[in-house]
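Here's a quick briefing to read with the model open beside you.

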Amino acid sequence: MRRLLIFALIPWLCAVVPAAAQEVTSTGDYLSRMDADRDGRVSLSEYQDWLSYAFDAMDANRDGVLDAAEQPASGRGARAPLTREQHRKTLAERFARQDRNHDGYLDARELASPPQ
């Protein structure tokens, strides 16, 4: 259920991501923007931090939980609260599926590939 919530939120999340993040037009752009320490690869924490912009933008009261009022409306009724920890756990699962060589980092090719 929580995975469905994350994926259902993606279109709305994209709308609230800062303008700098929206200027990404290629895999190289993603790598350069996500790679905070500039080592040419993306660690799990860099991945989670980058993809948490939208969560942070939606968390109006800054309590680390997206309650139903902070989430986009859906025809399915009220959504269950989503904590920052749950969000980061979901991102970690996605990261692990993208890390095809299991080295703990994503390179440009792995970033460009959908999670398995």
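Helix α6 buries His87, Thr90, Leu91, Arg94, Phe95 and Gln98, where buried means under 20% relative accessible area, exposed over 50% and partly exposed in between (1.4 Å probe, protein chains only). Those residues sit on the same side of α6, because they cover an arc of only 145° around the axis, taken from the directions from the helix axis to the C-beta atoms. Keep in mind that this is a predicted model: local features need pLDDT of at least 70, side-chain atom pairs count only at pLDDT 80 or more, and totals for chains, interfaces and linings use all residues. Residues are numbered from 1 along each chain as its sequence is written, and side-chain values use heavy atoms, with hydrogens and water left out.

**More on α6**
- Turn to the other side of α6 and you find Glu85 and Lys89 exposed.
- An α-helix has 3.6 residues a turn, so residues three or four places apart point the same way.
- The length checks out too: α6 runs over residues 84–98, and at 1.5 Å a residue its 15 residues should span 21 Å, which agrees with end C-alpha atoms 21 Å apart. The expected span here is 1.5 Å times one less than the number of residues.

**Overall layout**
- The protein has seven helices and four strands, counted as DSSP runs (helices H or I, at least four residues; strands E, at least two) numbered from the N terminus.
- Along the sequence they come in the pattern α-α-α-β-α-α-β-β-α-β-α.
- Of the 116 residues, 34% count as buried.
- Take contacts (heavy atoms within 4.5 Å) between residues at least 6 apart in sequence: 51% of them join residues at least 24 apart.

**The core**
- The largest nonpolar core has nine residues: Leu31, Met34, Val42, Tyr47, Trp50, Leu91, Phe95, Leu106 and Leu111. Such a core is a set of buried Ala, Val, Leu, Ile, Met, Phe, Trp, Tyr and Cys residues joined through side-chain atoms within 4.5 Å.
- Helices α3 (27–34), α4 and α6 each supply at least two residues of this core.
- Leaving aside residues up to four places away in sequence, Leu31 touches Gly40, Arg41, Val42, Leu106, Ala108 and Leu111.

**Aromatic pairs**
- There are two aromatic pairs in the structure. Rings of Phe, Tyr and Trp (its six-membered ring) pair if their centres lie within 6.5 Å; planes under 30 degrees apart count as stacked, over 60 as edge-to-face and the rest as tilted.
- Tyr47 and Phe95 have ring centres 5.4 Å apart and planes at 65°, so this pair is edge-to-face.
- Tyr47 lies in α4 and Phe95 in α6, so the pair ties together parts that are 48 residues apart in sequence.
- Both Tyr47 and Phe95 are buried.
- Trp50 and Tyr53 are edge-to-face as well, at 5.0 Å centre to centre and 80° between the planes. Trp50 is buried at 12% relative accessible area, while Tyr53, at 36%, counts as partly exposed.

**Loops worth a look**
- Leu51 sits in the loop between α4 (44–50) and α5 (53–58) and counts as partly exposed at 28% relative accessibility.
- Not counting residues up to four places away in sequence, Leu51 touches Met34, His87, Leu91 and Arg94.
- Arg38, in the loop between α3 and β1 (42–43), has a positive phi, near 55°, and is exposed at 59% relative accessibility.
- Arg62, in the loop between α5 and β2 (65–66), also has phi near 55° and is exposed at 58%.
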